[in-house]
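The tour goes stop by stop.

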Amino acid sequence: MYLISVTITICTNIISVVGLALLTGYTGMFSLGHAGFMCIGAYTSVLVNRYFGVPYVLALLLGGCAAMLISVVLGYPTLRNKLRGDYFAICMLGFGTIVRLLLNNMNNPVFNGAFGISGIPKLTSLWSALLITAALVYFMWNFVHSQYGKNCVAIQQQEVAAEMMGVHIVKTKLLSLMISAFYCGVAGGLLAFWTQYIAPASFSDTKSNDFLATLVTGGTNSISGPLLAAALLTVMLEYLRFLVNWRLVLYGLLYVLIMRLRPEGIMGYREFSLRGTARFIRHLPTHIKNLPASSKAYLAKRRTGRRDKP
């Protein structure tokens, strides 16, 4: 049961981080408030299932659509006024805080304020979580390799040049934000129907920061990189749970080491492929054999460089 719980948590993190990868990695728009979309999706899915008898899968989709609708209300005036960079990130941070504070102050039998909603039916299973995750990752993979994904990359690399080539900047950014919000909304619904309890505190700014840190760890311009990073970091966080207060310190230390040793992330700008992995394993003995020679050449070059300095 514990392994199933960890696996479902990995699935929800993968969905959220892959959605954020489209907005931040491919479109170049940093967000510090995606936990707000996850919160909206979780509450919407639970409430439509409880009070309107909406089936599980449809409730998840409605949760994603609710998050997507809010993203349009938030994103259109923001992007229309050309808010970008740090300003957009701070705007999203404020959005996540507003969502949490509003739900905290809704002291009625429906939302139950800061105490949250309990008694949620456990409708999420291991196979449903894996199937939904695989479907959403497959959709995102096809999207980023389509013309729409190329437009997002063009905006991320050079917005002015992309606009001159005919890319509609506001429309493309808004589409990226909508899809990203939809993914987080579905992830929130999946998590709610598994944990059987949700509260505004469950979707704090820390969760948004974790999503962004996981994305950077895996590689911003990749889909498989954030997927692997989400699985690795979730398992590591659970494995270090016995350290209680020190596990978050080691968790942060891992981020520092990754950024120091491999700043482009686990996958960088590449995608995982079975053919590439098989080729690497096949040539691994050759790489190991050449490692001492390459190290000696590097050290000799450094010594020569120091000797040549005036």
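Helices (H or I, at least four residues) and strands (E, at least two) are DSSP runs, numbered from the N terminus. This is a predicted model, in which local features need pLDDT of at least 70, side-chain atom pairs count only at pLDDT 80 or more, and totals for chains, interfaces and linings use all residues. Residues are numbered from 1 along each chain as its sequence is written, and side-chain values use heavy atoms, with hydrogens and water left out.

**Whole chain**

Colour by secondary structure. The protein chain shows 13 helices and two strands. Next, colour by burial: buried means under 20% relative accessible area, exposed over 50%, partly exposed in between (1.4 Å probe, protein chains only). Of the 310 residues, 45% count as buried. Accessible areas come from the Shrake-Rupley method with a 1.4 Å probe; for residues, only the protein chains shown count as cover. The protein chain exposes about 16900 Å², and carbon and sulfur atoms supply 68% of that area.

Contact means heavy atoms within 4.5 Å. Take the contacts between residues at least 6 apart in sequence: 80% of them join residues at least 24 apart.

**Stop 1: S45**

Select S45, in helix 2. Is S45 buried or exposed? Its relative accessible area is 0%, so S45 counts as buried. Leave out residues up to four places away in sequence, and S45 touches A59, L60, G63, G189 and F193.

**Stop 2: the largest nonpolar core**

A nonpolar core is a set of buried Ala, Val, Leu, Ile, Met, Phe, Trp, Tyr and Cys residues joined through side-chain atoms within 4.5 Å. The largest one has 66 residues. Select L22, F37, I132, M140, Y183 and I198, which touch the most other members. Elements giving two or more residues to this core include helix 1 (2–26), helix 2 (34–52), helix 5 (126–144) and helix 8 (169–195). Helix 8 supplies the largest share, 14 residues. In soluble globular proteins, nonpolar side chains tend to be buried together.

Zoom in on I198. Beyond its neighbours within four places in sequence, I198 is in contact with A42, Y43, V46, G116, I117, I120, A192 and F203.

**Stop 3: salt bridges**

A salt bridge is a side-chain nitrogen of Lys or Arg within 4 Å of a carboxyl oxygen of Asp or Glu. How many salt bridges does this rule give? The count is two.

Select D205 and R100. Their side chains meet in a salt bridge at 3.4 Å, N to O. D205 sits in helix 9 and R100 in helix 4, 105 residues apart. D205 is partly exposed, because its relative accessibility is 23%. R100, at 16%, counts as buried.

Move to K173 and E159, whose side chains form a salt bridge at 3.0 Å, N to O. K173 belongs to helix 8 and E159 to helix 7 (residues 159–164), 14 residues apart. K173 is buried at 7% relative accessible area, and E159 counts as buried at 17%.

**Stop 4: cysteines**

A disulfide is a pair of cysteine sulfur atoms within 2.5 Å. By this rule there are zero disulfides. Select C184: buried, with a relative accessible area of 0%. Then select C91, which is partly exposed at 24%.

**Stop 5**

Finish on helix 11 (residues 247–261), where L257 is found. L257 has 43% relative accessibility, so this residue counts as partly exposed.
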